[in-house]
Amino acid sequence: MPPDTTVSPTPVGANPRRWQALFFIALAQLMVVLDGTIVNIALPTAQEDLGISAGDRQWVITAYALAFGGLLLFGGRISDIWGRQRTFILGLVGFAFASALGGAAQNQLMMFGARALQGVFGALLAPAALALLTVMFTDVKERAKAFGVFGAIAGAGAAVGLLLGGVLTEYLDWRWTFYVNVPFAVVAVIGAVLVIREPDEARNRSPLDVPGVLLATLGLVALVYGFSRAEHQGWSETWVIASFVASAVLLIAFVVVESRVEHPLLPLRVLTDRNRGGTYLAFALAVIAMFGLFLFLTLYLQIIREYSPVQTGVAFLPMVVGMIIGSTQIAPRLTPLVAPRYLMGPGLLVASLGMLWLTQLELDSSYATVIMPGQVLLGLGMGTAFMAGMSLATSGVRPTDAGVASAMVNTAQQIGGAVGTALLNTIAASATSGYLAARLQDATTDDAQLQLRLASEVHGYSVAIWWGFGIIATGAVIAFLLINAERGGGRSGAEGEEAGEQPAPVLVH
């Protein structure tokens, strides 16, 4: 895909094969995003095959989440210091090895170890991929197209994972949900060696902030663990409370340290810029709602409507199509013409309307008139907002901070996902229990009690989706109020220059 002839000349030192590089970067991102949901579909079969107890089953998910979420900032800074291409390749090789180890697992300890190792290398790979886009694509129109592709994959990959996981589990074996990462990684490594290059001036030669690494990693691990445990043990459980308290103390100490050291792991200027800070917050809120919806729609389709895993994956395709259209067609065309707030804000509002539509779920809801339209609206809105947000979150940042700024995008998504599954699942369970208790005495037959229990489950999903609607709508308001960047992602007034950042390139007419 050649660059548009109306944009400014390619900067000196830019990779002339950057569009080929985009394919391999996107392939690696797809591999990481798929892994977030593809394993969920295979989990019941893997649990039975490996003899994993019901109490320990959560660690297949939690081991990955703790390593990935805890090490993202470290991985982002490593890519700044060591080089994004090197970090990208190391992440790919390590992720492929860990995936092969998971596919070959013979017991639960081997599986848990493989998942944790996947999280470690995913924390290197994900920020390096986004940082490569940041330093390789600097022209407004080129950047919009590149981030459109990347945003489509980031948004739609989770839903695609449900489909691919169902196909592999049903027609091959659960182990292929791990093995499938290996050919992805091999192709991406070959491409990275051949075509990916980054500007020399983008490297950060500063020493690593070891106290910052320890505080950030432990603080984020405690936060993700607290939410993961709350989903199963409740919010008042001792270890849940202790995890949240420890996380708060560690992250506050992290902010204090970062404000005083000469070469911080996360320069506070990355967060205090109102456009990036607003984008990170809006992202986290959107992901809270989206991950919760994935959970409830999957449960609704498989438990209430008795869809097979493959049918469930196919049922999510309208959302995938909507995200692709929003990310690759709507947002890139409008990015040079309107300010980012007028993409992120309306995009999140459209997504919230999709959530609102899905609150109509009932036992016999029509897929064609309730589920599909809601998914299309959600996909179009999220795709548009994700593309604009990913581009803005890394726009104008110093090249030497590109990795850690990219890591913050992934951190916002990871924390949002942990909060979404724990918080909304708790809300749904509470609503289900209340609905069931209030009507149980009126159900006098076995059939009536079965119908009531199913209706109670659907009521719980609906209440949680109402909360998701409110959360996304709040994200839209934040986008409108906090984000004030100009067209193409340039900072309002002299804001970017005062922060010592590079101004965004402008169109040449």
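First, a term I need: a residue is buried under 20% relative accessible area, exposed over 50%, and partly exposed in between. I also jotted down that this is a predicted model.

**Entry 1: rings.** I looked up Phe 480 and got a relative accessibility of 27%, so I wrote it down as partly exposed. Then I searched the whole structure for aromatic pairs, and twelve came up. One of them joins Tyr 342 and Phe 480: the ring centres are 6.5 Å apart and the planes sit at 55°, so I call this pair tilted. Tyr 342 is in helix H14 (residues 341-358) and Phe 480 is in helix H17 (residues 446-482), so the pair ties together parts that are 138 residues apart in sequence. I also noted a cluster, in which ring pairs link Phe 227, Trp 235 and Phe 244.

**Entry 2: a charge and a ring.** What sits over the ring of Tyr 435? I found the charged end of Arg 439 there, 3.8 Å from the ring centre.

**Entry 3: salt bridges.** A reminder to myself: side chains of opposite charge can pair when their charged atoms come close. How many salt bridges does a search of the whole structure find? I got four. Among them is the one between Arg 175 and Asp 49, with the closest N and O atoms 3.7 Å apart. Arg 175 is in the loop between helix H5 (140-171) and helix H6 (176-179), while Asp 49 is in helix H1 (residues 18-50), so this bridge ties together parts that are 126 residues apart in sequence.

Entry 4: Are Arg 84 and Asp 80 buried or exposed? I have both down as buried, and Arg 77 is buried as well. Through shared partners, the salt bridges join Arg 77, Asp 80 and Arg 84 into one network.

**Entry 5: Val 245.** I found Val 245 in helix H9 (residues 238-258). Its relative accessibility is 49%, so I count Val 245 as partly exposed. From Val 245 to Gly 226 I get 9.4 Å, C-alpha to C-alpha, and 19 residues in sequence.

Notes: Residues are numbered from 1 along each chain as its sequence is written. This is a predicted model: local features need pLDDT of at least 70, side-chain atom pairs count only at pLDDT 80 or more; totals for chains, interfaces and linings use all residues. Side-chain values use heavy atoms; hydrogens and water are left out. A salt bridge is a side-chain nitrogen of Lys or Arg within 4 Å of a carboxyl oxygen of Asp or Glu. Helices (H or I, at least four residues) and strands (E, at least two) are DSSP runs, numbered from the N terminus. Buried means under 20% relative accessible area, exposed over 50%, partly exposed in between (1.4 Å probe, protein chains only). Rings of Phe, Tyr and Trp (its six-membered ring) pair if their centres lie within 6.5 Å; planes under 30 degrees apart count as stacked, over 60 as edge-to-face and the rest as tilted. A charge sits over a ring if NZ of Lys or CZ of Arg is within 6 Å of the ring centre and within 35 degrees of the ring normal.
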